[in-house]
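Open the model in your viewer and keep the selection panel at hand. The tour visits a sheet, then a set of charged side chains.

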Amino acid sequence: VQLVESGGGLVQPGGSLRLSCFASGMISSVFPLYDMSWYRQAPGRQRELVAAQPSSGATNYPEAVKGRFTIARDAAKKTVYLQMDYLKPEDTAVYYCNAQMTSIKQEFWGQGTQVTVSS
């Protein structure tokens with residue numbers, strides 16, 4: 001299984017981006033069973049969670065992005081998205097996709113995609 005991210009780039013403050021993460025090599029029927037998350041890591045900082053959608057479907061976000069970021073998955077496409085609106089310069093980071101199934105201790109990470117928010 002390989003998580004393939006896309007959609008990063010340069011955007012002005014206040015703008016929007018949508019990141020995609022495709023689970024290549026994953027059987028379609030098991031994709032909904034994975035807990036899917038997005039993390040980010042800015043230079044000199046620890047990797048932090050920005051959005052999570054467990055297999056139950058509920059979502060959760062840290063305060064820093066709540067109301068601006070939205071995680072969603074399309075099981076038929078084996079893809080999880082991160083819609084980012086009202087972007088701020090402090091959102092600049094490399095964004096990583098994560099898939100986890102704790103019951104079998106299985107976890108995958110994407111390669112990361114750069115998001116830069118600057119005027």
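Two strands pair if DSSP finds at least two bridges between them. Strands themselves are DSSP runs (E, at least two residues), numbered from the N terminus. This is a predicted model, where local features need pLDDT of at least 70, side-chain atom pairs count only at pLDDT 80 or more, and totals for chains, interfaces and linings use all residues. Residues are numbered from 1 along each chain as its sequence is written, and side-chain values use heavy atoms, with hydrogens and water left out.

**Stop one: the sheet**

Select S1, S3, S7 and S6. They form an open sheet of 4 strands, in the order S1-S3-S7-S6, with antiparallel pairing. Colour the edges: strand S1 (2-6) and S6 each pair on one side only. Neighbouring strands here are turned by 15° against each other on average, direction ignored. For that angle, axes are lines fitted to C-alpha atoms, and angles run from 0 to 180 degrees between N-to-C directions.

Over how many bridges do S6 and S7 pair? They pair over 6 bridges, in the antiparallel sense. Zoom to Asp74, which stands opposite Thr79 in S7.

**Stop two: the salt bridges**

A salt bridge here is a side-chain nitrogen of Lys or Arg within 4 Å of a carboxyl oxygen of Asp or Glu. The structure holds 4 of them. Show the side chains of Arg40, Glu48, Arg68 and Asp91: salt bridges link these residues in a network.

Start at Arg40 and Glu48. Their closest N and O atoms are 2.7 Å apart. Buried or exposed? Arg40 is buried, at 6%, while Glu48 is partly exposed, at 29%.

Next, go from Arg40 to Asp91. This salt bridge has its closest N and O atoms 2.9 Å apart. The pair links distant parts of the chain, 51 residues apart: Arg40 is in strand S4 (residues 35-41), Asp91 in the loop between strand S7 (79-84) and strand S8 (93-101). Both Asp91 and Arg40 are buried.

Finish at Arg68. It forms a salt bridge with Asp91, and the closest N and O atoms are 2.7 Å apart. Arg68 lies in the loop between strand S5 (48-53) and strand S6 (69-74) and Asp91 in the loop between S7 and S8, so the pair ties together parts 23 residues apart in sequence. Check the burial: Arg68 has 10% relative accessibility and counts as buried, as does Asp91 at 1%.

Terms used: Buried < 20%, exposed > 50% of the residue type's maximum accessible area, 1.4 Å probe, protein only.
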